[in-house]
Amino acid sequence: MTDAEDDPVPRRQQTTIAVTGHLDLTERAIPLVRAALDELLKPYAGAGGPLVGVSCIAKGADTVFAEAVLAAGGRLVVVVPSRDYRRGVVEPEHGGSYDRLSAAAEEVVVLPYETADREAYEAASAVLVQRADRLVAVWDGAPPTGKGGGTADAVLAARAAGIPVDVVWPEGAARGG
């Protein structure tokens with residue numbers, strides 16, 4: 001039987017949610033953001049279910065989101081901005097999380113840039129937006145910095161493309177200095 005009406009468990013359509021967000025969340029902000037992300041992802045959750053999370057797994061918001069996706073039973077796609085990203089950008093204290101999440105990913109997309117620079121970050125943001133049905137922005141609402149490839153830039157690109165954006169910035173969340 002293949003007819004949906006004959007299927008006792010209705011199939012839900014896959015939803016791909018990408019993330020953009022701040023790298024410099026404070027230690028106090030991380031559990032607040034995680035709780036808000038867990039709540040946001042609940043409707044899409046389910047073991048092997050229809051949730052696909054897309055993240056660059058940078059420290060901060062990207063990592064918290066990737067962990068929440070996996071905890072919700074979703075599948076993870078990792079976008080790596082450049083070939084040197086792990087070696088040149090990932091800080092030692094984040095390396096373990098980065099490696100664990102990369103290994104847990106269903107797909108790892110390494111962009112064809114040698115160096116993690118503005119062009120690579122802008123391209124990574126573009127891939128996130130292109131793949132997303134929705135974008136989650138762990139964002140304090142700050143405007144673009146003018147450097148490109150940042151959280152506000154991804155939000156603006158998603159909105160321009162007609163992609164729904166869910167802003168997550170729970171009360172008490174803050175960025176470190």
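In which helix does Ser 125 lie? Ser 125 belongs to helix H5, where helices (H or I, at least four residues) and strands (E, at least two) are DSSP runs numbered from the N terminus. The model examined here is predicted, so local features need pLDDT of at least 70 and side-chain atom pairs count only at pLDDT 80 or more, while totals for chains, interfaces and linings use all residues. Residues are numbered from 1 along each chain as its sequence is written, and side-chain values use heavy atoms, with hydrogens and water left out.

Ser 125 has a relative accessible area of 12% and is therefore buried (under 20% relative accessible area, with exposed over 50% and partly exposed in between; 1.4 Å probe, protein chains only). Setting aside neighbours within four places in sequence, Ser 125 is in contact with Gly 149 and Ala 154, contact being heavy atoms within 4.5 Å.

Helix H6 (151-160) and S1 join H5 in supplying at least two residues each. A pocket, on a 1 Å grid over the protein atoms alone, is an open set of points where a 1.4 Å probe fits, with protein on both sides within 12 Å along at least five of seven lines; lining residues have an atom within 4 Å of a point. The volume of this pocket is about 850 Å³, meaning the space filled by probe spheres set on the points, which are joined across faces, edges and corners. Of its 33 lining residues, Gly 21, Leu 23, Gly 149, Gly 150 and Thr 151 lie nearest the centre. The lining comprises 16 nonpolar, 10 polar and seven charged residues (Ala, Val, Leu, Ile, Met, Phe, Trp, Tyr, Cys and Pro are nonpolar; Asp, Glu, Lys and Arg are charged; the others, Gly among them, are polar).

The second largest pocket has a volume of about 290 Å³. Its lining has 15 residues, with Leu 23, Glu 27, Ile 30, Lys 59 and Gly 60 closest to the centre. H1, H2 and H4 each supply at least two of the lining residues, and by class the lining holds four nonpolar, four polar and seven charged residues.

Helix H2 (residues 61-71) is itself mostly covered, with eight of its 11 residues buried. Among them are Phe 65 and Val 69. The buried residues of H2 pack against several elements, including strand S1 (15-21), helix H1 (29-41) and helix H4 (92-104). After H2 comes Gly 73, with a positive phi near 85 degrees.
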